[in-house]
Amino acid sequence: MALNGKLAVIDLSDRSVSIKEIPMSVRKRFLGGRGLDAYLLYNYTLPGSDPLGPSNVMIVSCGLLGGLLASSSGRCHIMARSPLTGFVGSSNIGGYFAPELRFAGFDHLVIRGRAAIPSYLWINDGRIEIRDAAHLWGKDVFETQAALEQELTDRAVQTLCIGPAGEKLVRFATVMTGFKNAAGRTGLGAVMGSKNLKAIVARGSGSLDIAHPEAALEYNRSINERILATKIAGTMQKWGTMFIYGGTNAIGFVRTNNFLSNQLEDGEGLEAENMEDVSVGHGACFGCQVHCRHRYVIKEGAYAGTYAEGPEYSSQGAFGSMVGCRDLNTVLACNHLVNRDGMDTLETGNMIAWAMELFEKGIITLADTDGIDLRFGNDEAVIEMVRRIAGRVGFGHILAEGPLRAAGVVGRGSEDYLIQIKGMSNLHSDERPTPALALGIATSSRGADHIRSRPGIDVYNLPLPTLERVYRDNPAPYAGPLVNRFDSYEGKAWMVLWQEHNYMAVDALGVCKFHTIFMSPNLPSFTEFSRMVELNTGLCLTPLQIWDAANRSYTLERMFNIREGLTRAHDMLPERYFTVPTPAGLPMAKGKSIDRDRFEGMLDEYYGLHEWDASGTPTPQLLERLGIGWEPTDVL
Amino acid sequence: MLGEEDTQPKERSREERDAEVRCLGCLGHFRPPSGADHADCPHCGASWRLTWLDAHSVKIRGPWKKS
Amino acid sequence: MTEVLRIDAKSCTGCRLCEIVCSVKKTGSVNSARSRIRVVRLGGSSGYLPVVHRRDLAVIMAGDIGPGRATMFEEYRRTGLAQCDFCGGDPACAKACQAHALRYERCAQEEVG
């Protein structure tokens with residue numbers, strides 16, 4: 001069957017590899033991917049482990065449906081204690097690596113220790129070798145993958161690797177596969193760099209037996225047809241996530257000049273349609289029919305002629321609106337640079353935007369920035385700062401430390417200008433007009449983030465019957481209110497919690513969030529997941545059992561964070577969300593701020609729905625019901 | 001983005017939904033003339049630039065700045 | 001008239017769904033190595049090249065793959081472990097490909113040549 005992939009525990013310090021079975025009982029309780037990773041992280045990591053020390057554990061996995069007949073089943077999940085936040089480090093990545101890992105016989109890797117010399121892992125049909133990577137150290141992401149393909153004389157190998165930023169322990173370095181697929185958030189590339197681990201390469205010829213092949217083929221076809229029938233899929237096929245910008249900027253949901261505005265005036269140059277001039281086609285992740293990835297060649301500037309992939313909506317913000325730049329070429333060049341060197345586009349853009357606001361306000365000067373004019377809209381300065389952060393050069397060395405540490409170095413009240421939660425910076429979205437989205441970023445287990453719990457469909461002000469269909473008793477019972485106004489505080493705690501479970505299920509199954517209820521209410525969720533699992537694996541899990549598994553894993557992430565010092569105070573928005581109203585946008589978005597008391601009320605409600613106490617700690621009753629406890633176990 | 005996606009799946013056919021946009025200002029649905037690069041919302045009068053995914057499917061690109 | 005599998009490499013997005021559905025249809029399991037079709041990643045802006053393992057080349061219409069790639073197509077075509085039979089006239093790969101890189105269609109005998 002498909003579910004005989006193993007768990008490998010690899011100790012880079014003593015170069016040992018231990019291979020273990022994953023019991024079916026564990027799969028039923030935690031599924032796979034991020035779900036089982038949460039279990040492994042909690043149990044394999046000692047409290048207080050230095051995120052960049054050998055005792056931190058890095059976990060790499062495919063989902064329960066990884067490589068199988070489920071829409072876009074190529075997602076790979078990576079976890080560790082984050083060097084950026086000190087809390088859960090967790091990031092999900094597309095491409096083709098996860099299925100190849102599974103073809104090679106492994107579903108989860110637990111990597112600990114630190115290699116004495118730069119190394120890479122070669123995982124090939126059930127065997128794992130720790131190999132010398134001295135010749136790869138210093139190479140960028142693209143060079144590394146090409147060199148490994150050549151060295152292993154196989155163009156079909158799939159590689160996860162770090163670039164120079166990961167080697168230099170930039171605290172928001174990424175783990176990359178392909179040209180643009182990035183485990184982008186929480187600094188997992190730095191964890192890999194700290195372990196002297198340059199790359200993990202997988203190649204497998206194993207078969208993943210499908211429990212009900214004909215029915216699975218037919219069901220997958222029907223799911224794909226359903227996905228492609230949505231307008232969102234048609235739009236993504238043509239413009240990728242970049243399409244989001246036109247609408248959100250028109251309304252006033254786009255953080256601009258760090259946090260000085262919520263709309264980029266005259267920002268048409270960043271619209272997705274401009275990609276037509278540079279696009280050479282689209283790319284897709286494993287098994288995906290939406291193919292949302294642009295493939296392009298830069299036409300102008302220092303990187304003219306360079307082939308690259310992406311960018312995403314996040315880069316339009318990171319190197320566009322947040323830094324006040326209106327030239328798509330800047331976005332394209334910076335997107336290329338962060339992918340080449342292996343850095344999180346969002347954190348990089350946020351650090352530069354923050355520095356720019358400090359510079360404009362006179363809190364820092366040319367003396368701090370190595371003479372670089374960090375006024376908003378200085379395209380050249382933005383590109384130069386990306387290079388300097390990746391290389392930890394001059395002021396870039398400070399920014400490479402991430403928001404809280406950088407503000408600690410700069411001082412002078414600079415922390416007040418960070419747009420971060422739990423030590424991780426936010427997307428360039430401005431959630432002041434949207435309380436549900438604000439609660440989502442405040443409570444996300446990995447810090448300010450839009451794909452942990454964001455009820456994206458809330459901003460559509462959908463008809464109530466649609467909200468009822470999505471959020472009521474689907475599959476967990478809910479008797480509270482549902483309100484179809486995005487400016488409301490009522491009923492939003494449940495929407496956030498529901499999305500949290502849904503996204504955890506998606507990450508645990510190893511499929512793509514764009515193929516679930518995220519930006520459209522008409523895409524698959526628990527009911528369809530249950531059917532996919534049964535037809536592919538033969539495992540019968542009801543929608544409610546999948547919900548419970550998601551809850552179990554999310555609760556473990558919460559417990560991990562609490563073990564590392566998280567309190568209710570960490571589930572809090574940046575102060576300016578409460579005190580500074582949005583200055584721009586359409587009437588629905590202008591003059592808005594978050595009401596502190598109502599936000600606190602929403603947070604209480606969210607904790608209550610989670611069965612967490614008022615401090616945000618899971619109650620004993622919840623833990624008993626989920627069958628988990630505070631004491632680490634070593635079942636696997 | 002906002003409001004254009006499948007907001008009334010039961011009431012509208014795919015064809016209707018693809019041919020319509022939802023005004024970002026008042027959230028009302030309307031059908032722009034085929035191939036138009038901009039259109040006014042008949043409900044609130046707001047003007048929008050349009051983008052066509054294909055000959056039959058349209059979405060709002062951004063605000064139309066009246067000169 | 002005859003049935004052909006028409007390959008439009010420029011439209012291929014490299015998702016490999018054709019490989020997946022082919023191997024499941026033919027073997028009941030996902031295994032690219034046992035698929036009768038494979039997607040070759042050409043690298044960079046060159047994109048992808050779907051290659052079908054079938055001896056009877058006359059019914060594989062891949063005329064637009066670009067001049068330099070015919071050799072590569074031939075090379076990979078010959079490395080397949082098993083031969084494509086168009087699933088008896090309803091090829092799973094073409095049915096799954098929504099990027100329209102693979103089309104199973106009727107065409108005139110003269111075009112097949």
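Begin by selecting chain B, which runs along its sequence in the pattern α-β-β-β-β-β, where helices (H or I, at least four residues) and strands (E, at least two) are DSSP runs numbered from the N terminus. Keep in mind that this is a predicted model, in which local features need pLDDT of at least 70, side-chain atom pairs count only at pLDDT 80 or more, and totals for chains, interfaces and linings use all residues. Residues are numbered from 1 along each chain as its sequence is written, chains are lettered from A and ligands numbered from 1 in the order in which they are written, and side-chain values use heavy atoms, with hydrogens and water left out.

Of the 67 residues in chain B, 52% are buried, a term for under 20% relative accessible area, with exposed being over 50% and partly exposed in between (1.4 Å probe, protein chains only).

Next, select A:V17, which sits in strand β2 (residues 16–20) of chain A and is partly exposed at a relative accessible area of 33%. Beyond its neighbours within four places in sequence, A:V17 is in contact with A:V9, A:I10 and A:I128, contact meaning heavy atoms within 4.5 Å.

Move on to A:H291, in the loop between β14 (279–283) and β15 (293–297) of chain A; A:H291 is not a glycine, yet has a positive phi of about 40 degrees, and is buried, with a relative accessible area of 10%.

Then centre on A:P311, in the loop between β16 (307–309) and α10 (313–318) of chain A, where the peptide bond joining A:G310 and A:P311 is cis, with omega about -15 degrees.
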